[in-house]
Amino acid sequence: VLSSDGQLSVGNAALNYRAIDLSDGRLLWLTPLTACVPHHDGAWHDAAEKLELMQGFNRMGFFELDVRSGQSRWDKHMFRLLGLEPTLRSPDFAQAALRVHPEDRAAVIAHRQHNMQQAGRHQQRFRLLLPNGTQRDIHSLSEVRTGADGLPATVLGVLIDDSESASRVRAQE
């Protein structure tokens with residue numbers, strides 16, 4: 001049975017699936033669910049619970065971008081990472097790029113423009129400068145996904161504050 005959350009049950013096995021509607025049916029990609037530790041009551045932790053755990057450390061923020069319209073959506077953690085007050089509308093890329101360290105800004109802009117040309121996964125490291133003068137070392141992970149027409153349509157991504165690790169590396173150097 002296909003569920004709306006992207007999972008398929010076959011006997012005792014559970015699989016993740018992605019589907020594409022075709023003119024004469026559907027094409028499914030099946031992958032096994034990753035193993036995880038059961039709760040004390042034997043139930044599996046769900047994705048929302050795992051995400052809540054990760055975000056509870058205040059080191060990551062998630063974003064989505066509509067490639068065609070340029071509209072983006074941020075979770076509340078993205079605003080905090082960039083030192084901005086949460087608003088109803090996410091800043092556009094030009095506004096957000098102003099937080100990127102001047103020495104890294106051109107590379108971040110070029111990376112973004114290049115990556116939005118084709119589907120795939122991308123990563124980049126750069127520095128942010130916050131209004132209070134502090135710096136954050138960021139590891140950006142994103143995936144460009146295509147629309148029904150086969151052209152890039154959406155970017156899903158996460159920014160991870162890696163300042164602690166970067167500080168240790170600089171101290172050792």
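Residues are numbered from 1 along each chain as its sequence is written. Because the model is predicted, local features need pLDDT of at least 70 and side-chain atom pairs count only at pLDDT 80 or more, while totals for chains, interfaces and linings use all residues; side-chain values use heavy atoms, with hydrogens and water left out.

Let's start at strand E8, residues 152-161. Helices (H or I, at least four residues) and strands (E, at least two) are DSSP runs, numbered from the N terminus. In E8, 8 of the 10 residues are buried, so the rest of the structure largely encloses this strand. Buried here means under 20% relative accessible area, exposed means over 50%, and partly exposed lies in between (1.4 Å probe, protein chains only).

E8 has antiparallel partners, where pairing requires that DSSP finds at least two bridges between the strands. With E4 (residues 60-66) there are 7 bridges, and Met60 stands opposite Ile160 of E8. With E7 (residues 135-146) there are 9 bridges, and here Glu143 faces Leu156 of E8. The hairpin of E7 and E8 has 5 residues between the strands, and in it Gly150 adopts a positive phi near 85 degrees.

Now turn to helix H4, residues 102-115. Its buried residues are Asp104, Val108 and Asn115. These cover an arc of only 40 degrees around the axis, which puts them on the same side of H4; the arc is that of the directions from the helix axis to the C-beta atoms. They pack against helix H3 (93-97), strand E6 (120-129) and E7, with contact meaning heavy atoms within 4.5 Å. Pro102, Ala106, Gln113 and His114 are exposed on the other side of H4.

Definitions and conventions: Expected span 1.5 Å × (residues − 1).
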